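Dear colleague,

I am handing over the structure we spoke about, and below it you will find my notes on what turned up when I went through it. Please read them with the structure open beside you.

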Amino acid sequence: MNRYLKQICGQGKVLLEQYQAEGYAIIKGLFTPTQLNTVQTVLSIFHRNWQKANQAFYQQHAINSAYLTAKQHLNDEQRLMLFEFICSDKLVAIAEKVIKNPAFLNTQLFFDPANSEKNNYWHRDIQYDFSHRQQKAMLESGPSMPHFRIPLTSEKGVEVIPGSHKRWDTPKELEVRIEANGKHSYDDLPNSRILEVERGDLLIFSAKMLHRGVYGNNRFALDILLVDDDSANLRSVSQDCLPDRKMFERLANPIVFERAMKARRTKD
Ligand SMILES: O=C(O)CCC(=O)C(=O)O
């Protein structure tokens, strides 16, 4: 572990406290240019192939893609590079500060919409699968759902409502988020904070909180989704997105993927 990482991990309590209190934390200059160059090469190949396969969706709606480690758009050598990065000592040491036993859930790639008319939108990631009652319960307890965002360009980042990962919406926030009473989900909200990030930084934010993307600066950011190994969400991880057995010996911390495999095996 290098000196900087030791120092960050030594500040693990501070990191955890900020993440728990505000729903996000930024670690400046964590990644070296060499690490990022390797990842960027693979992400660019993925993005080109994904765009070709999803032209209409990309042109009209998309702001992100997912399942980067699957076999559809990358060969095994390229996938291995992503797996190596995902379970590198650096990321895992930091993930362990905010999650007890980190397990791999998914990856996403965020970019600027090709459609310049596309507005950003306030949301919580839990709103798509759960009722309001269930969402409220998940905000009171339940897994924290961190995204580990690695920006490949300096970008305007994500706009968040600090603290909203553990409380329900104010009446105004709810109207905007669900577009009630003539409000739009892109309307500005009070008490928001824009989390600008630079290449080299790591942003950790809870996807349970009220947030929206801030488009521009040709953003290109990898989100790694890790969850605690007892999360029910792990049952949805596709085998196709996990490393093959023979790749395991090349990985620094294969346990992150092994936990996901174990959860899949016990799903029935
Ligand atoms: O960067 C964005 O577009 C927002 C991020 C987001 O919506 C998400 O991670 O759920």
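Let me begin with an open sheet of 3 strands, which has the order E6-E5-E8 and antiparallel pairing. Its edge strands are E6, covering 193–197, and E8, covering 211–213, each of which pairs on one side only. On average, and with direction ignored, neighbouring strands of this sheet are turned by 25 degrees against each other. Please keep in mind throughout that this is a predicted model.

Within that sheet, strand E5 (residues 155–160) pairs with E8 in the antiparallel sense over 3 bridges, and the bridge partner that Val-160 finds in E8 is His-211.

The next element is strand E3, residues 102–111, where 8 of the 10 residues are buried, so that the strand is largely enclosed by the rest of the structure.

Helix H6, which spans residues 89–98, has as its buried residues Lys-90, Leu-91, Ile-94, Ala-95 and Val-98. Seen down the axis of H6, these buried residues fall within an arc of 120 degrees, so they line one face of the helix.

Asn-115 lies in the loop between E3 and helix H7, the latter being residues 132–140, and it is partly exposed, with 13 other C-beta atoms within 10 Å. If residues up to four places away in sequence are not counted, Asn-115 touches Gln-59, Gln-60 and His-61. Asn-115 and Met-81, by contrast, are 34 residues apart in sequence and 31 Å apart in space, taken from C-alpha to C-alpha.

Met-145 lies in the loop between H7 and strand E4, which covers 146–151. Its phi is near 55 degrees, a positive value in a residue other than glycine. Is Met-145 buried or exposed? With 23 C-beta neighbours inside 10 Å, Met-145 counts as buried.

Asn-191, finally, lies in the loop between helix H8 (171–177) and E6, and although it is not a glycine, it has a positive phi of about 65 degrees. Asn-191 is exposed, with 12 other C-beta atoms within 10 Å.

With best regards

Terms used:
Residues are numbered from 1 along each chain as its sequence is written. This is a predicted model: local features need pLDDT of at least 70, side-chain atom pairs count only at pLDDT 80 or more; totals for chains, interfaces and linings use all residues. A residue is buried if 20 or more other C-beta atoms lie within 10 Å of its own, exposed if 12 or fewer, and partly exposed in between; C-beta atoms are placed from the backbone. Helices (H or I, at least four residues) and strands (E, at least two) are DSSP runs, numbered from the N terminus. Two strands pair if DSSP finds at least two bridges between them. Axes are lines fitted to C-alpha atoms, for helices over the stretch in contact, and angles run from 0 to 180 degrees between N-to-C directions. The arc is that of the directions from the helix axis to the C-beta atoms. Two residues are in contact if their C-beta atoms, placed from the backbone, lie within 7 Å.
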